[in-house]
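Open the model in your viewer and keep the selection tool ready. The tour moves from one selection to the next.

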Amino acid sequence: MAAVLRNVGRVHQKSTAFFLCDIQEKFRPHIFQFPSVVATAQKMIAAHKVLDIPLIVTEQNPKALGATATELDLSAAKVNHPKTKFSMFVPEVEKELKGIKSVVLFGIESHVCVLQTALDLLENNYDVHVLADGVSSMNHFEIEHALNRVRDAGGYVTTSESIIFQLMGDSKHEHFKKISNLVKETKEATANNKLFIKSNI
């Protein structure tokens, strides 16, 4: 009898997309540890450029909530789509996912747009990896419950550094040195990321 292969949530460079969810200016004063969310997003944007991972960006009702935080360079994003639906999984995004099997998800709010995006993706047979150091909410206690809900639905909770190294898989990867330098450059921001305290990973 042939062995049944388990889905352990591996990510592969050519079949993964990064989802940046609604990290907008109007949220800045209200989100718990907003600077930590931005710092992780900056790291992932840098990684997407080095590893050539598609970056999908949405903005929730930008006329009311403003554009994406000014620190985030979206110049190489595959999609930057305004929306009113809480989930990022809208037709304009879905059509860009040809060949994608895994989504790495980060942004705000963890218990609303991030969670609903994760659930929609899981229902549509994508593996979902939510970054514990890259999601937050206005009320910090919502974060833990949102991440637990993702796990209960079959998603994965991980960290930015872990997922980047998973995408390379080998120190012989052609971009290993660039990624190692990125990790070194962001070491202080990673160490100071207060979201780890509330993530319960």
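Select α1 first: this helix gives the most to the lining of the largest cavity, with 4 residues. Helices (H or I, at least four residues) and strands (E, at least two) are DSSP runs, numbered from the N terminus. This is a predicted model, where local features need pLDDT of at least 70 and side-chain atom pairs count only at pLDDT 80 or more, while totals for chains, interfaces and linings use all residues. Residues are numbered from 1 along each chain as its sequence is written, and side-chain values use heavy atoms, with hydrogens and water left out.

**Stop 1: the cavity**

Now select S36, A39, T40, K43, D133, A189, T190 and N193, which line the largest cavity. Two elements give two or more residues to this lining: α1 (34-51) and α8 (187-191). Colour the lining by type and you get 2 nonpolar, 4 polar and 2 charged residues. Here Ala, Val, Leu, Ile, Met, Phe, Trp, Tyr, Cys and Pro count as nonpolar, Asp, Glu, Lys and Arg as charged, and the others, Gly among them, as polar. The volume of the largest cavity is about 50 Å³. The structure holds 1 cavity of 30 Å³ or more.

The cavity search runs on a 1 Å grid over the protein atoms alone; a cavity is a set of points where a 1.4 Å probe fits but cannot get out, and lining residues have an atom within 4 Å of a point. Grid points are joined across faces, edges and corners, and the volume is the space filled by probe spheres set on the points.

**Stop 2: the salt bridges**

How many salt bridges does a search of the whole structure find? It finds 6. The criterion is a side-chain nitrogen of Lys or Arg within 4 Å of a carboxyl oxygen of Asp or Glu.

Select R28. Its side chain meets that of E25 in a salt bridge (2.8 Å, N to O). R28 also forms a salt bridge with E71 (2.8 Å, N to O). R28 is partly exposed, with a relative accessible area of 28%; the cut-offs are under 20% for buried, over 50% for exposed and in between for partly exposed (1.4 Å probe, protein chains only). E25 is partly exposed at 26%, and E71 is partly exposed at 36%.

Go next to D120 and K85. Their closest N and O atoms are 3.7 Å apart in a salt bridge. D120 lies in helix α4 (residues 110-123) and K85 in the loop between β3 and α3 (91-94), so the pair ties together parts 35 residues apart in sequence. D120 is buried at 18%, whereas K85 is partly exposed at 41%. Back at the other group, salt bridges that share partners join E25, R28 and E71 into one network.

**Stop 3: Q24**

Select Q24, in the loop between β1 and α1. Is Q24 buried or exposed? Q24 is buried, at 0% relative accessibility. Its side chain reaches the backbone oxygen of G66 at 2.8 Å. Beyond four places in sequence, the contacts of Q24 (heavy atoms within 4.5 Å) include F34, P62, L65 and I108.

**Stop 4: H81**

Finish on H81, in strand β3 (residues 79-83). H81 is buried, with a relative accessible area of 18%. Its side chain makes a polar contact with the side chain of E92 (3.4 Å). Such a contact is a pair of N or O atoms within 3.5 Å; within protein, one must be able to donate a hydrogen and the other to accept it, and residues adjacent in sequence count only if both atoms are side-chain atoms. Leaving out residues up to four places away in sequence, H81 touches V57, T58, E59, V90 and E92.

Technical notes
On a 1 Å grid over the protein atoms alone, a cavity is a set of points where a 1.4 Å probe fits but cannot get out, and a pocket is an open set with protein on both sides within 12 Å along at least five of seven lines; lining residues have an atom within 4 Å of a point.
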